[in-house]
Amino acid sequence: MNGQTKTRTRQERIESLGIPKPKMVQWWIDSDKADWAVRILIGLSAAIALLVVCRTWEPRFAYRTGMIPVRDIIARVNFEVENQIETEALRLQKVREVPVYYRNWKAPLEQLRARLKNRLFVILDAQSLKEMNEEERKAFEEFVATVAVTPESATTDQPSADQQFIAMKAVFASDPELEKLDTAIKNLQKDEFDNGLLQSIKHQAEQGSQRFIRVYSTEPSDAVEVTVDDVQIALMKPKIESMLAEEFRSQFGSQVETDQHRLVAQMVSHWIDKRLPEYETLSYDDEASGKARAEIAASVPPVMKKFYAGQSELADAGEPLDEHELRLLQMEHRQWTNYRGAIDRIARVAAYGGMIAALYLLCGSYILFVDDRSLVFDRVKLSKLLFLFVCTIGISYWVASDKYRSELAPLVIASIITAIVYGRDLSLLLMSAAIISVTLFLNEGLSHLVMLAAAVTTSTLLTGRIRTQSHLLFVGGVSAAVTFLTVVGVGIVTGDTTTIPTGVERLAPTTVSFLEVLAGLAQEGLRAGAFIVISAAALTPILPLIEKAFGVQTDLSLLSLSDASHPLLRRLAQRAPGTYNHSINVASIAEAAADAIGANGLLVRVGAYFHDIGKMFKPEYFIENQSGVNQHDSLQPAMSTLVIIAHVKDGADLARNHHLPQPLIDLIMQHHGTTLVEYFFNEAAKRSEDNPNEKQVSDKDFRYPGPKPQTLEAAVMMLADTVESASRTLVDPTPARIQNLVDQIAQKKMADGQFDECGLTFQQLNLVRKSLVKSLTAIYHARVKYPSQQPA
C-alpha cells in the first residue's frame, strides 16, 4: 500500500463505532426513494386535481331556492343589477316606435293600368250608347256606376249616361291609342303610388310603429321611410281624383271642353279607386322587421338598480328565497368574489390544501397501522383509491348546484363501492373524510354534513355481503328512509319553525307556518331519498365492472362461481374424482371455520372448490386418485416433490386462463404456503443416511414455493385442506383422535411460521380448530351396524 493509509471521513469514523441509527434515519436510508417519489407524486396529483376541480380559490355560492334565512341578508359590497321589468318596458316602447319593413311589389299596378286601358278600348269601340252590345254596356256601366254624388254635385244636375258616353268619346277622340291616358296613369303611379299601396297594416302594435313604415323594392337597405297615410288605399281617393283632374287638364284641356275632361277624369278616378284594394302592393317583411326590432332592443341600455354595502336588504329573514332574491344574491356574490385579491385566493387554496393534507395523514395513518398497508405501498391500489375519491368529491361538487342538488348520489355510490372493496371499517373512515371535504368545498353548514353522514353511514353499514340482486335496492331504501328522517329532524332542530305568540318581539320574524316549513323539509328529504334509491339500484348491473376494476368479489359473483357446472369443476370431477371429492369436503369444513372467526366463508368455500384444480394435469400422482399403483415408486423423492408442488402453479395458470377472480387465484397460490412436503423429504433424508456418498438433504428443496397465507381465508383454507387429507389416514376416527390430529397440525403450521403474514390470532386459531374438529367429527361419526352387517 506504499506505506500510505486512506484517510477516513468523519462520518465513516462515526459509523465504524457500530452505533445504530435512529429508526426513521435507517428507514430513509433503506427505503426505495424512487418508489416513494412516485407515490408522493400520485397523492400530490390527486390533491391538486381536487383543488382545481372544486375551484377552491373562490368561495362557493351557498344559497338555494326555497332556503329560509334566519336573519335578513344585507349586501356586503356595492353592486348594480339590471331592473329587467323597467328595461323590458323601455325596450318595448322603443320597439313600438321603430318603423318596420314592407316590400313594394309594383307589378299589380301595371296590371291595373292595363286593365283600365282594356275596358276603355271596349267602350270606345261603340258608336253610340244605343248600339252598345252586352260587353260594351257592361264595361260602360263600370265607369258610370262609379260616379259618386258629392254634396256639391247634389245641388246640380247630374250628367246622364249619354252625356258621360259623349264626354268619353270626345276626350279620347284625339287619343285613339290611349297613350295620353297611359301617361297620365304613369304620372299618377309615380307621384302617388310609387311607395306602394296598403289596404291595412299587417303588423301588431308590439311589432313596430303604426304611423311609419319602411318601404323597399329590392333590398331592405334601400328602404325609405314613409307615413302609413301616404300608402293607405282608403285615403287615396281625393289624391287620385285631383291628380287625374290635373293630368287630364294638361293632356286634353285644349282639345275638349273643361266640363268633359273633368267628368272623364272623375269617372276614371272612381273606377281606379274602387279597384285599388285588389291591387295592394305592400307585403310585411317579418325577417327584416325582426332584425330591426332586435337591433333597436339591443341598443337600449339596461336600467340598473343600485345596491349599497351594509344598507341594501337582499332577502328577508324567515321567508323562502325566490328566484328574484336568488338572482340578487348571485350578483352580490359574484361582485364580492371579484373584489377578493390574489392573496386571498392563494390563502383559500392553501387552507384547502392543508385540509386535504390533514385528511391524507389521518386516513394514511389508519391504513398503515391498522388496516391493509398495501393500499399505500402498492402504486396501483393507491391510484385506484385516490381516483375513486377525486371523482366522487369532484362530481358531488358540480352536481350540487341549485339546478340538480344531487350531491348525495355520487357519495352513496362511493360508500357502497368502498364498503365492497375495502370493508366497512375503512369505508367509514374514508367516507367521513369525503363528506367533510364535500361540505367544506360547498360552503355548507352542520345540518348538511349531518344529512350526508346519515346517508353515507347507513349505506356503508348495510352493504355487507351482497348475496341477492335486490340487496342494494334494500340498502338504498333503508338509507333513504334514514336520510329522510334525518333531514326533517335536523331541519326542525336548526330551523326557525317555532310559532311565537302575538306581541312577543322576535329577531327573525317569519310568515311561514310550522306546517309549511315541515312540508318543505319533507320535500327536501324525499328528494334526497330518491337520489339514494336510484344510485343504489343503478350499482347492481355494474357490480361485475366494479369487481373487475378493484379485483374483489361479492357474494353474488362467488355464488355464480360455486355452480358445479363450471367447466373447471366438471373437468376436475372427470379427470380426478378423488381430488374433486376432497375439494368438496374441504369446502364444507373450511366455510364453517371461516364463519366462526368472521372471515368470508363463502370465499373460502368457492376457493376450496378450485384450490386443487392443478392436479388435473397429473391426477395419478396424487394418492386420492390412485387405485393400487403408486407412480412415485419409480421416481426419486426430489422428482416426486417437483410433481407434487407443481399443482399449485398449474392451478393458478388454469385459473387465470379461465378468468377466475384474483382472490381465488391467491387462495390457490397460498393454500400450501411454504410448507414442507414431509413424506418425500423424510424419504430423501433416509436415503441420504443409508448412502454416505450422497450429500445432505436440505428442506428448502422440498417446500412449496408459497407465498405464505396473506389473509385469514387463506390460513383457514390451509388448515382445512391439511386436516381433511390427514383425517383419511385415521383407522378409528374418534372425536378424541380427530381433535388430537387437528391440534398437532395447527401447532406444526404455527411453529413453521405459516401464519406469520395473515394476522391470525391465537383466539381465532382456537376457534378454527374447534370448528374443524366439530365438522370432521360430524363427517366420521359412528354408525349403528345393521343385522346384515354383523360378523357371522
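A salt bridge is taken here as a side-chain nitrogen of Lys or Arg within 4 Å of a carboxyl oxygen of Asp or Glu. By this rule the count comes to 33 salt bridges. The model is predicted, so local features need pLDDT of at least 70 and side-chain atom pairs count only at pLDDT 80 or more, while totals for chains, interfaces and linings use all residues. Residues are numbered from 1 along each chain as its sequence is written, and side-chain values use heavy atoms, with hydrogens and water left out.

**View 1. Salt bridge between Asp35 and Arg39 in helix H3**. The N to O distance in this salt bridge is 2.5 Å. Asp35 and Arg39 are 4 residues apart in H3, about one turn of the helix; helices (H or I, at least four residues) and strands (E, at least two) are DSSP runs, numbered from the N terminus. Asp35 is buried at 15% relative accessibility, and Arg39 is buried at 7%. Buried means under 20% relative accessible area, exposed over 50%, and partly exposed in between (1.4 Å probe, protein chains only).

**View 2. Nonpolar surface patch of Leu44, Ile48 and Val52**. The patch covers about 270 Å², with accessible areas from the Shrake-Rupley method with a 1.4 Å probe, where for residues only the protein chains shown count as cover. Patches are made of residues with over 30% relative accessible area and no salt bridge; like charges are joined within 9 Å and nonpolar side chains (Val, Leu, Ile, Met, Phe, Trp, Tyr) within 5 Å. Val52 belongs to helix H3 (residues 33-53) and is partly exposed at 48% relative accessibility.

**View 3. Salt bridge between Lys202 and Glu280**. The closest N and O atoms of this pair are 2.8 Å apart. Lys202 lies in the loop between helix H8 (179-191) and strand E4 (212-216), and Glu280 in the loop between helix H11 (258-275) and strand E6 (282-284), so the pair ties together parts that are 78 residues apart in sequence. Lys202 is partly exposed at 38% relative accessibility, and Glu280 is partly exposed at 26%.

**View 4. Packing of helices H19 and H20**. H19 (residues 446-463) and H20 (residues 471-494) pack at an angle of about 155 degrees, with their axes 8 Å apart. Axes are lines fitted to C-alpha atoms, for helices over the stretch in contact, and angles run from 0 to 180 degrees between N-to-C directions. H19 and H20 are therefore roughly antiparallel to each other (angles under 35 degrees count as roughly parallel, over 145 as roughly antiparallel, 65 to 115 as roughly perpendicular and the rest as oblique). Asn443, in the loop between helix H18 (424-441) and H19, has a positive phi of about 60 degrees although it is not a glycine. Asn443 is partly exposed, at 45% relative accessibility.

**View 5. Ala419 and Thr463**. Their C-alpha atoms are separated by 6.7 Å, although the two residues are 44 residues apart along the chain. Ala419 sits in helix H17 (residues 408-422) and is buried, with a relative accessible area of 10%.

**View 6. Cis peptide bond between Gly706 and Pro707**. Omega is about 10 degrees at this bond. Pro707 is in the loop between helix H29 (678-690) and helix H30 (712-727).
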